[in-house]
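Please keep the model open beside them and look up each residue as you read.

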Amino acid sequence: MKFYRTLHPRPVVVIGSGEVEKGEINFMACAWITPLSEDPPLVGFSCSKENYTHRLVKRFHQFSVNVIEDCELIFKLGSTSGEEINKIEAFHLKVKKGKFLKVPLLEEALANLECLVVKEVDLGDHTFFVGEVKNWEAKNFEEYGFKEFWRVPLHKGGRAFCYPSKRLIFVQK
Ligand SMILES: Cc1cc2nc3c(=O)[nH]c(=O)nc-3n(C[C@H](O)[C@H](O)[C@H](O)COP(=O)(O)O)c2cc1C
């Protein structure tokens, strides 16, 4: 039994890494991601030291966060390594360059965040990368976030995913 499953299901995203102009880019699934500060705007994610993504983030000091709906694709990006295959070709990914950083973004994402690494914390078998959000864009977005929030997948564990219920609960004053 894995202790961290007590903290799932949790939103799962796709981390983009590398540098578009250098032709070295990659995408991986990531559920261990969190906002960290509003001012400055910071997000962090925990990355296994074995991942190709780890190597690219260490080298280019940037990453992107891409919110996508398709959990089949998320699983593919989370069960193959850019070390062994070119995921962009293998999974027919449409990629664009960031507006502020040269980081790769998934074109059809519900949201893209471009992050510059400002801190790295060495934590056992993972490194926690903290990124300052230099630019972000989101579709169908309002004060409470995505209008269609039920499209953002949650990772339960392994091959299991779920989506938020459409029913919003507003607590009483
Ligand atoms: C749903 C899901 C969530 C994942 N979350 C993380 C995560 O938060 N951190 C991490 O290092 N790996 C995570 N992984 C595993 C990586 O995505 C996986 O090891 C991937 O093959 C790494 O790709 P890369 O070698 O191309 O970087 C997750 C996998 C899945 C399927």
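1. In which order do the three strands of the open sheet lie? The order is E1-E13-E14, with antiparallel pairing. Strands (E, at least two residues) and helices (H or I, at least four) are DSSP runs, numbered from the N terminus, and two strands pair if DSSP finds at least two bridges between them. Before we go on, note that this is a predicted model, in which local features need pLDDT of at least 70 and side-chain atom pairs count only at pLDDT 80 or more, while totals for chains, interfaces and linings use all residues. Residues are numbered from 1 along each chain as its sequence is written.

2. Strand E1 (10-11) and strand E14 (160-162) are the edge strands, each pairing on one side only. E1 is joined to strand E13 (residues 154-157) by two bridges: Arg10 has His155 as its bridge partner, and Pro11 stands opposite Leu154.

3. On to the other pair. E13 and E14 are joined by three bridges, and Gly157 is partnered by Ala160. Their hairpin has two residues between the strands, and Gly158 takes a positive phi near 55° there.

4. The largest nonpolar core has 31 residues. Such a core is a set of buried Ala, Val, Leu, Ile, Met, Phe, Trp, Tyr and Cys residues joined through C-beta atoms within 7 Å; buried means that 20 or more other C-beta atoms lie within 10 Å of a residue's own, with C-beta atoms placed from the backbone. Val14, Ile15 and Cys30 have the most contacts inside this core. E3 gives the most to it, with four residues. Leaving aside neighbours within four places in sequence, Val14 is in contact (C-beta atoms within 7 Å) with residues including Phe27, Ile74 and Leu106.

5. Finally, the ligand. Of the 22 residues around it, Trp32, Thr53, Gly78, Ser81 and Gly82 come nearest; a residue counts as near if its C-beta atom, placed from the backbone, lies within 6 Å. The elements giving two or more residues to this shell are strand E3 (24-30), strand E5 (42-48), helix H1 (52-60) and helix H2 (71-77). E3 supplies the largest share, four residues.

Methods:
A residue is buried if 20 or more other C-beta atoms lie within 10 Å of its own, exposed if 12 or fewer, and partly exposed in between; C-beta atoms are placed from the backbone. Two residues are in contact if their C-beta atoms, placed from the backbone, lie within 7 Å.
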